[in-house]
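Here is a short report for a first look at this structure. Keep the sequence and the 3D view at hand while reading.

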Amino acid sequence: MKRSHAVLVTGGAGYVGAHVVLALREAGWHVIVLDNLSTGRLLPLHRDCSVVIGDVADRALVAATLARYDVTAVVHLAASIVAPASIRNPLAYYRNNVAGSISLLEACVEHGISAFVLSSTAAVYGVPVVSPVAEDAPAEPINPYGWSKLMSERVLRDAAAAHDLPFLILRYFNVAGADPHGRAGPSQAGPAHLLKVAIEAALGRRADVPIYGNDYPTTDGTCVRDFIHVSDLAAAHVAGLDYLLGGGPSTVLNCGYGRGYSVREVLATVERVAGRRIATRLAPRRPGDPPEVVADAERIRILLGWQPRFDDLENIVAHSLAWLRRSEPVLATS
Ligand SMILES: NC(=O)c1ccc[n+]([C@@H]2O[C@H](COP(=O)([O-])OP(=O)(O)OC[C@H]3O[C@@H](n4cnc5c(N)ncnc54)[C@H](O)[C@@H]3O)[C@@H](O)[C@H]2O)c1
């Protein structure tokens, strides 16, 4: 079957999406970005794409876009992503993430898409009993955001079984870093992830960094997470499309390095790379924060032949720092 080289990237104006767009462009894809700009923003890199401003839930718009560009593959990143906000406003999260995915999938099935990649998250594991956590570990989210992603996974699996829709579910661990060439990076206004908060403190844009609990059963008592460089993550999407279009069976893949860093290790690395001391403040544990979340990351390397290029915390910090240093400070969100 002859296929076009057109891929629709929903949420392509967001943090991860912009890097996915760069990687797909570099691999020769014609990229069509669909984004409602609720949290994302257009960057100069988007000039190399076709951009459609609109909502994934706008089924007529999606259908028209798939037809107009003769789209072969879809990478679905558009979502609401702030876990605490999902607890306060669950229905908005289910509407945007689950109902939005259903509407998008209806259009994809109707059009006959050859490959569908869904952005999912380690949040579907909730509090993992075992770490590193493998793809077949129990999925028990602890907030509506995690549930909305797990539900989207379920909807995709069932739709794919009924309608012959090859798919990959990519469960990202802690995404961090920025494009090494400075073309994209974390949004100033986005969620307050540890690394970004630490860099903001190193840049003098925050007074200090809260450490939520120092009595966890980890090497130094602080939580341990698996940080994946956003450009390596983006490359996994390109490899994933090649895999599916080459006939690889649909599956779910963890996206992480299989190596964890504690909060204190992250802070020490930021201090070293930035050459600045960071003030910290001990705060109570946050409910539901697991001591350690590290990916069992074997499957993605084996199935996709994925080889990370930036799996080093100093790289991640240096690239984020370079991006955030150049960005205008905005009011911090919690
Ligand atoms: N950043 C992380 O650490 C992380 C971790 C795990 C999973 N993820 C997943 O990665 C994906 C991208 O996250 P991100 O960090 O880039 O977030 P982001 O907020 O920067 O990007 C989301 C993008 O989707 C757009 N969007 C949201 N709802 C939309 C809709 N209904 N229609 C069209 N566009 C819409 C936003 O404008 C934004 O550009 C999400 O699906 C998220 O669940 C992110």
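## The shell around the ligand

The residues of the shell around the ligand fall into 13 nonpolar, 15 polar and two charged. This is a predicted model. In total, 30 residues surround the ligand. The closest are Gly 11, Gly 14, Gly 40, Ala 78 and Ala 79.

Which elements each supply at least two residues of this shell? They are α1, β2, α4 (90–111), β5 and β7. The largest share comes from α1, with three residues.

## Helix α1

Helix α1 covers residues 15–26, twelve residues in total. From its first C-alpha to its last it reaches 17 Å. That is close to the 16 Å expected at 1.5 Å a residue. After α1 comes Gly 28. The phi of Gly 28 is positive, near 95°.

Is α1 largely enclosed or largely open? Ten of its twelve residues are buried, so α1 is largely enclosed by the rest of the structure. A residue counts as buried here if 20 or more other C-beta atoms lie within 10 Å of its own. The buried residues of α1 are Tyr 15, Val 16, Gly 17, Ala 18, His 19, Val 20, Val 21, Leu 22, Ala 23 and Leu 24.

## Two domains

The protein is divided into two domains. Domain 1 takes in 6–175 and 227–255. Domain 2 takes in 180–225, 259–292 and 309–326. The centres of domain 1 and domain 2, taken over C-alpha atoms, are separated by 25 Å.

Where the domains touch, 18 residues of domain 1 are in contact with 19 residues of domain 2. On the side of domain 1, the elements that give two or more residues are α1, β10 (227–229) and α7. Helix α1 gives the most, with four residues. By class, this side of domain 1 has eleven nonpolar, six polar and one charged residues.

## The whole protein

How many helices and strands does the protein have? Its secondary structure comes to ten helices and 14 strands. The C-alpha atoms fill a box of roughly 55 × 40 × 40 Å, taken along the principal axes. With 334 residues, a compact globule would have a radius of gyration near 20 Å. The protein has 19 Å, which agrees.

Of the 334 residues, 49% count as buried. Consider the contacts between residues at least 6 apart in sequence. Of these, 80% join residues at least 24 apart.

## A loop residue: Asn 143

Asn 143 is found in the loop between β5 and α5 (144–163). Is Asn 143 buried or partly exposed? It has 19 C-beta neighbours inside 10 Å, so it counts as partly exposed.

Leaving aside neighbours within four places in sequence, Asn 143 is in contact with Ala 83, Ser 86 and Ile 87. Ala 184 lies 41 residues from Asn 143 along the chain. The C-alpha atoms of Asn 143 and Ala 184 are separated by 29 Å.

Conventions
Residues are numbered from 1 along each chain as its sequence is written. This is a predicted model: local features need pLDDT of at least 70, side-chain atom pairs count only at pLDDT 80 or more; totals for chains, interfaces and linings use all residues. The expected span of a helix is 1.5 Å times one less than its number of residues. The radius of gyration is taken over C-alpha atoms; the globule rule is 2.2 Å times the number of residues to the power 0.38. Two residues are in contact if their C-beta atoms, placed from the backbone, lie within 7 Å. A residue is near a molecule or strand if its C-beta atom, placed from the backbone, lies within 6 Å of it. Ala, Val, Leu, Ile, Met, Phe, Trp, Tyr, Cys and Pro count as nonpolar, Asp, Glu, Lys and Arg as charged, and the others, Gly among them, as polar. Domain bounds come from an automatic or database domain assignment.
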